[in-house]
Amino acid sequence: MRKDLSKGTSVANVVKFIDPSGRVAELLESGVSVEDVVKLFKDLLIGTQRVEGNIFLQEGISFIWRAVTGQSGLTYFRNNSCIGVGDGTDEEDPSQTGLTGTNKTYKQVDSGYPMLSGTQVTFRATFGPNEAVHAWQEWTVANDCSDNAVNLNRKVTNLGVKTADTTWVLEVTLSIS
């Protein structure tokens, strides 16, 4: 008997900068690579964090299958896509439809995102100074900037507490293999 080897995976990278002027945020939002920004502003780099794993939400999986079967009336995950971050700590559950925390912020993806490569898609959003200034305990990828949008996935993990003078960029790569 053959074993089913297909699975969905996620890798998220958070890169944090001191950025009271907003210059780092401006470059990242315009699509400049994180690597190039780190080279330009190495002295402003606070650190990075890599997180593996998440769950795909039922509403996101349903959306994928509706798109595959050509159903109309869908808002696709294009440059209108958003990454949401919040302070919710409720355990991930496939029936959830968005972030669960009290404080949450959705931000449209940076220029040039999402990026499709083979069996994976990468979303990236930059949260500049004075944006998403709260604990980051959860994140999601959505096709609009609200809990009412279709959320593909959700992850609960402590990414820290963002302060007003910083820029944090969250890059999420989702894949099916």
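This is a predicted model: local features need pLDDT of at least 70, side-chain atom pairs count only at pLDDT 80 or more; totals for chains, interfaces and linings use all residues.

I searched the whole structure for salt bridges and got 7. I looked at K104 among them. K104 pairs with D147, and the closest N and O atoms are 2.5 Å apart. The pair links distant parts of the chain, 43 residues apart: K104 is in strand 5, D147 in the loop between strand 8 (135-142) and strand 9. D147 has a relative accessible area of 23%, so I log D147 as partly exposed.

Next I took K107. The side chain of K107 meets that of E131 in a salt bridge, 2.9 Å from N to O. K107 lies in strand 5 and E131 in the loop between strand 7 and strand 8, so this pair ties together parts 24 residues apart in sequence. E131 is partly exposed at 28%.

D110 is in the loop between strand 5 and strand 6 (115-117) and R124 is in strand 7, so parts 14 residues apart in sequence are tied together. Both residues are buried. I then checked for shared partners: E29, K107 and E131 are joined into one network of salt bridges.

Entry 1: In what order do the strands of the open sheet run? I read 3-9-8-4-5, 5 strands, with antiparallel pairing. Strand 3 (55-56) and strand 5 (104-108) stand at the edges with a single partner strand each, so one side of each has no neighbour in the sheet. Strand 3 is joined to strand 9 (residues 151-161) by 2 bridges. There, F56 stands opposite N153.

I also looked at the loop between strand 4 and strand 5, where P94 lies. P94 is partly exposed, with a relative accessible area of 38%. P94 and K155 are 61 residues apart in sequence, yet 11 Å apart in space, C-alpha to C-alpha.

**Entry 2: rings.** My search of the whole structure returned 5 aromatic pairs. One of them is F77 with F123: the centres are 6.3 Å apart and the planes at 75 degrees, so I call the pair edge-to-face. F77 sits in the loop between helix 3 and strand 4 (82-86) and F123 in strand 7 (residues 120-127), so the pair ties together parts 46 residues apart in sequence. F77 counts as buried at 15% relative accessibility, and F123 counts as buried at 2%.

F127 and W136 are also edge-to-face, at 5.0 Å centre to centre and 75 degrees between the planes. Both F127 and W136 are buried.

I then looked for a charge over a ring. The charged end of K16 sits over the ring of W168, 4.1 Å from its centre.

**Entry 3: surface.** Which residues make the nonpolar surface patch of about 320 Å²? I61, W65 and V68 do. W65 is in helix 3 (residues 58-68). Its relative accessible area is 54%, so I mark W65 as exposed.

Definitions and conventions
Residues are numbered from 1 along each chain as its sequence is written. Side-chain values use heavy atoms; hydrogens and water are left out. Patches are made of residues with over 30% relative accessible area and no salt bridge: like charges are joined within 9 Å, nonpolar side chains (Val, Leu, Ile, Met, Phe, Trp, Tyr) within 5 Å. Accessible areas come from the Shrake-Rupley method with a 1.4 Å probe; for residues, only the protein chains shown count as cover. A salt bridge is a side-chain nitrogen of Lys or Arg within 4 Å of a carboxyl oxygen of Asp or Glu. Helices (H or I, at least four residues) and strands (E, at least two) are DSSP runs, numbered from the N terminus. Buried means under 20% relative accessible area, exposed over 50%, partly exposed in between (1.4 Å probe, protein chains only). Rings of Phe, Tyr and Trp (its six-membered ring) pair if their centres lie within 6.5 Å; planes under 30 degrees apart count as stacked, over 60 as edge-to-face and the rest as tilted. A charge sits over a ring if NZ of Lys or CZ of Arg is within 6 Å of the ring centre and within 35 degrees of the ring normal. Two strands pair if DSSP finds at least two bridges between them.
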